Amino acid sequence: MSQASAPGKVILLGEHAVVYGRPAIAVPVAQVRATATVEPVPPGSGLTLVASDLDRTVHLAEATPDDPLAAIAFQFLAHVDLDDLDACVTVTSTIPIAGGMGSGAAVSASIVRALASFAGAELSLSEISRLVFEVEKLHHGTPSGIDNTVVVYERPVYFVRDKPIETFAVREPLHLLVADSGIPSPTRKVVGMVRKGWQAEPVRYDFLFDQIGDLVEEARNAIEDGDLYTLGALMDQNQDLLQEMGVSAPQLDDLVEAARAAGALGAKLSGAGRGGNVIALVEEELADEVERELQEAGATRVIYAVV
Ligand code: MEV
């Protein structure tokens, strides 16, 4: 038997602009994970994938290449030059689905890692990330690659599309509350909507993306200096620009306001938006209070992560 897992993630700053070549910062959230277990089956049975949370079982021999669950297995087998594998993969996940926390990327990453270990194939992190990225493209259309990068490398990343990943020092621990609005965030749709906006008004959107890119640079410095007050203010400014881009939602704005009113240093949506999660940067001693207020304001689940 082989088992592997991958964490969830949140984008601290820079979502959407990152699709257009600006930098973004993302961190893993180890409290929630996808876990894949691979067990042998009798010879000739082929590969089966079981997603118990989703109530789905897929036999690879009958699956289409774009099947959301089978796609990563196809990628892996092609990469290691195998036609099929006699194995059963079971995947479970505690990462909210469609919440902007990279659940799809983490599920793929856990599957490819567990399959590699089962098949005795040694894959580097960059190979795993690339295979997961191929599947992200099927699901999300034009992803930047940030989700697969942060869940595979499992460390804070400063990410620029098509550039080698950069990591950085986190001088003071970041206490984050990740509050789920309970509304699914349709990444593909929202990314497509931003693209339409950019095509219709390129100057306006490029200016928004540039401003977000500048905030990300400043945020990296603030994290390296341990200046959490500045980091919080930068997150707030990023939220304003995301609102201007039209990717927030009233429920997300309510959660952001509730967190700020309860004393968060900064708060914003995280991920594609229109639903999904809000993140709040808090001082440790205020975490309980901010969490309570987020729940009061309608959060369906709040995850407390220290990065
Ligand atoms: C999704 O987690 C983040 C987006 O920037 C899309 C992407 O980077 O692929 C909205």
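**Questions on a predicted model**

Me: Does Arg-274 count as buried, partly exposed or exposed?

Reply: The relative accessibility of Arg-274 comes to 39%. Buried means under 20% relative accessible area, exposed means over 50%, and partly exposed covers what lies in between, as computed with a 1.4 Å probe on protein chains only. With a value of 39%, Arg-274 therefore counts as partly exposed.

Me: What kind of model is this?

Reply: Residues are numbered from 1 along each chain as its sequence is written, and side-chain values use heavy atoms, with hydrogens and water left out. Local features need pLDDT of at least 70, side-chain atom pairs count only at pLDDT 80 or more, and totals for chains, interfaces and linings use all residues, in what is a predicted model.

Me: Where is Arg-274 found?

Reply: Arg-274 has a positive phi of about 65° although it is not a glycine. Helices (H or I, at least four residues) and strands (E, at least two) are DSSP runs, numbered from the N terminus, and Arg-274 is found in the loop between β8 and β9.

Me: In which loop does Glu-154 lie?

Reply: Glu-154, a residue other than glycine, has a positive phi near 50°. Its relative accessibility of 33% makes Glu-154 count as partly exposed. Glu-154 lies in the loop between α4 (146–153) and β6 (157–159).

Me: How far apart do the C-alpha centres of domain 1 and domain 2 lie?

Reply: The domain assignment, whose bounds come from an automatic or database assignment, gives domain 1 (2–159) and domain 2 (170–306) in the protein chain. The contact between them, meaning heavy atoms within 4.5 Å, takes 32 residues from domain 1 and 46 residues from domain 2. The C-alpha centres of the two domains are separated by 25 Å.

Me: At what angle do the axes of α5 and α6 cross?

Reply: Two packed helices are described by the angle between their axes and the distance between the axes. Axes here are lines fitted to C-alpha atoms, for helices over the stretch in contact, with angles from 0 to 180 degrees between N-to-C directions. The axes of helix α5 (residues 187–200) and helix α6 (residues 202–225) come within 5 Å, and they cross at roughly 120°.

Me: Which residues of α6 meet α5?

Reply: On the side of α5, the residues are Val-194, Gly-197, Trp-198, Gln-199 and Ala-200. From α6 they meet Pro-202, Tyr-205, Asp-206 and Phe-209.

Me: Which residues does Arg-188 touch, not counting residues up to four places away in sequence?

Reply: Arg-188 has its place in helix α5, and with a relative accessible area of 46% it is partly exposed. Its C-alpha atom is separated by 8.6 Å from that of Pro-143, 45 residues apart along the chain. With residues up to four places away left out, Arg-188 touches Lys-137, Leu-138, His-139, His-140 and Gly-141.

Me: How far apart are the end C-alpha atoms of α7?

Reply: The expected span of a helix is 1.5 Å times one less than its number of residues. For the 18 residues of helix α7 (residues 228–245) this should give 26 Å, and the distance between its end C-alpha atoms agrees, at 26 Å.

Me: Which elements do the buried residues of α7 pack against?

Reply: The buried residues of α7 include Leu-228, Leu-231, Gly-232 and Leu-234. The buried residues of this helix pack against β1 (2–13), α5, α6, α8 (250–261), β8 (266–270) and β9 (277–282).
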